[in-house]
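This briefing looks at a few residues in one protein model. The points are grouped by topic below the structure.

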Amino acid sequence: MKISIGNDHAGPEYKKAILEMLESKGHHVTNHGTDTSDSVDYPDFGHPVAADVESGKSEFGIVICGSGNGINMTVNKHQGIRAALCWTKEISALARQHNNANIISIPARFTSIAQAVEMVDTFLNTAFEGGRHANRVDKIACS
């Protein structure tokens, strides 16, 4: 699977752990995130992830910032994106099952690294249920 990841200064350690898990499972990951805790602007790292997913270069995206909100708002500006802010594995599963989310947004200051890794694994291994949810998902994008 091809996955893009981006993070600001709140997420380098989260990204490192997530990358290790993804690469151990044979996924190809494009890293758009920063590797330091020096202050940066989350949109600079979110837009490239969204562009990869929107263009089909990546199947899924992972974004990380302190609250998860700023980077989530950024990627959701892209028409082809359905990003979900998640803080438990159950929410990440529902984001895929009911919303066909294609990017998971992680709040680094409100989850542990272990939780983040578990959420990403759940997100990537949960299928969209379709059915009654498909009609709703089709109404999300602006025309």
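Leaving aside its neighbours within four places in sequence, which residues is Ser105 in contact with? In this predicted model, Ser105 is in contact with Val63, Gly68, Ile71, Asn72, Ala84, Leu85 and Cys86.

**Ser105**
- Ser105 lies in strand β5, which covers residues 103-107.
- With a relative accessible area of 0%, Ser105 falls under the 20% cut-off and is therefore buried.
- Ser105 and Met1 are 104 residues apart along the chain, and 18 Å separates their C-alpha atoms.

**Annotated positions**
- An unreviewed UniProt entry carries the annotation "active site" for Cys65 and His98.
- These two residues are spread over 34 residues of sequence and are also spread in space, with up to 24.0 Å between C-alpha atoms.

**Cys65**
- Strand β3, residues 60-65, holds Cys65.
- Cys65 has 3% relative accessibility, so it counts as buried.
- Outside the four places on either side in sequence, Cys65 is in contact with Asp8, Ala10, Tyr42, Gly70, Ile71, Ile106, Pro107 and Ala108.
- Ile71 is among the contacts of Cys65 and also among those of Ser105.

**His98**
- His98 belongs to helix α4, made up of residues 89-99.
- Beyond its neighbours within four places in sequence, His98 is in contact with Phe128, Glu129, His133 and Val137.

**His133**
- His133 sits in helix α6, which spans residues 132-138.
- The relative accessible area of His133 is 4%, so this residue is buried.
- Not counting residues up to four places away in sequence, His133 touches Gln97, His98 and Phe128.
- The side chains of His133 and Glu129 are joined by a polar contact of 3.4 Å.
- Glu129 is also in contact with His98.
- Phe128 is in contact with His98 and is touched by His133 as well.

Conventions. Residues are numbered from 1 along each chain as its sequence is written. This is a predicted model: local features need pLDDT of at least 70, side-chain atom pairs count only at pLDDT 80 or more; totals for chains, interfaces and linings use all residues. Side-chain values use heavy atoms; hydrogens and water are left out. Helices (H or I, at least four residues) and strands (E, at least two) are DSSP runs, numbered from the N terminus. Buried means under 20% relative accessible area, exposed over 50%, partly exposed in between (1.4 Å probe, protein chains only). A polar contact is a pair of N or O atoms within 3.5 Å; within protein, one must be able to donate a hydrogen and the other to accept it, and residues adjacent in sequence count only if both atoms are side-chain atoms. Contact means heavy atoms within 4.5 Å. UniProt positions are given in the numbering used here, feature names are shortened, and annotations may be inferred rather than shown by experiment.
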